[in-house]
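User: Please take a close look at one part of this structure and walk me through how it connects with the rest. I'd be glad of one connected account, with the cut-offs spelled out.

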Amino acid sequence: AKQRERTMASSATPLVHTLEANISSESGKLGFRTSRLSISDARAIKNNKAKSDGQTNWQQLLTDCEAAGFLHYGGGLAVSYVEEGSPAWEAGMRPWDILVKVNDRDVRLCAALDVSAQIAMGAGKVTVTVLKSSHTPQGPVDAPLPPKKKKRSIFTCMMAPIASPTKRPSSFA
């Protein structure tokens with residue numbers, strides 16, 4: 001795996017730099033997974049322009065990306081898992097890296113499904129550019145949303161279906 005690192009000049013802390021890596025695998029398995037939600041998707045949900053699938057805590061994703069300094073760069077897709085020893089690991093990718101380019105295509109404003117399709121089209125060979133932060137969040141990338149508690153009011157109790165009495169079988173003589 002070929003890699004190239006470049007530090008991005010930024011007045012904001014933490015320090016963010018890019019890693020460009022060529023990743024290839026004869027088996028087709030590159031050894032990394034991405035989040036189910038891009039930063040752009042999370043922003044759209046925050047602005048009430050889309051609905052969450054309930055499997056990603058988009059509020060935490062935005063909070064963590066902001067703390068790591070990633071939100072200044074316009075979006076991307078968080079790497080949620082990298083298998084140790086895999087081609088992606090050897091190239092320097094780690095969880096919480098943010099994919100911004102796949103095969104020289106800017107993916108910062110793309111949906112997660114589109115980015116996955118771009119990676120799959122590479123058939124075991126892909127060039128990625130990721131943002132790396134000097135402050136990496138410690139939590140999981142795709143933390144599920146906590147279940148919502150249903151509030152019961154007198155009205156909902158009154159509208160609850162009433163169980164019908166059991167019917168006796170009729171007998172004919």
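**Charged pairs, a loop and the core**

Analyst: Happy to! Arginine 108 counts as partly exposed, at 30% relative accessibility; that label covers the range between buried, under 20% relative accessible area, and exposed, over 50%, using a 1.4 Å probe and protein chains only. Before going further, please note that this is a predicted model, where local features need pLDDT of at least 70 and side-chain atom pairs count only at pLDDT 80 or more, while totals for chains, interfaces and linings use all residues. Residues are numbered from 1 along each chain as its sequence is written, and side-chain values use heavy atoms, leaving out hydrogens and water.

The partner of arginine 108 is aspartate 106: the two form a salt bridge whose closest N and O atoms are 2.6 Å apart. The term asks for a side-chain nitrogen of Lys or Arg within 4 Å of a carboxyl oxygen of Asp or Glu. Aspartate 106 is also partly exposed, because its relative accessible area is 36%.

How many salt bridges does the whole structure hold? The search finds two. The other joins the side chains of aspartate 97 and lysine 132, with 2.8 Å from N to O. This pair ties together distant parts of the chain, 35 residues apart: aspartate 97 sits in the loop between α3 (87-91) and β5 (98-102), and lysine 132 in strand β7 (residues 125-133). Helices (H or I, at least four residues) and strands (E, at least two) are DSSP runs, numbered from the N terminus. Both aspartate 97 and lysine 132 are buried.

Tryptophan 96 is found in the loop between α3 and β5, and its phi is near 80 degrees, a positive value in a residue other than glycine. Most residues other than glycine have a negative phi. At 3% relative accessibility, tryptophan 96 counts as buried. A positive phi, near 50 degrees, also turns up at asparagine 103, which is placed in the loop between β5 and β6 (105-106). Asparagine 103 is partly exposed, with a relative accessible area of 33%.

Why is threonine 129 classed as buried? Because its relative accessible area is 11%. Leaving aside residues up to four places away in sequence, threonine 129 touches Thr18, Leu19, Glu20, Ile98, Leu99, Val100 and Lys101, where contact means heavy atoms within 4.5 Å.

Leu99 brings us to the largest nonpolar core, which has 21 residues; Ile23, Phe32, Met93, Leu99, Val115 and Val128 touch the most other members. Such a core is a set of buried Ala, Val, Leu, Ile, Met, Phe, Trp, Tyr and Cys residues joined through side-chain atoms within 4.5 Å. Two or more residues come from each of β2 (16-24), β4 (77-82), α3, β5, α4 (112-121) and β7. Beyond four places away in sequence, the contacts of phenylalanine 32 include Met93, Leu99 and Ile119.
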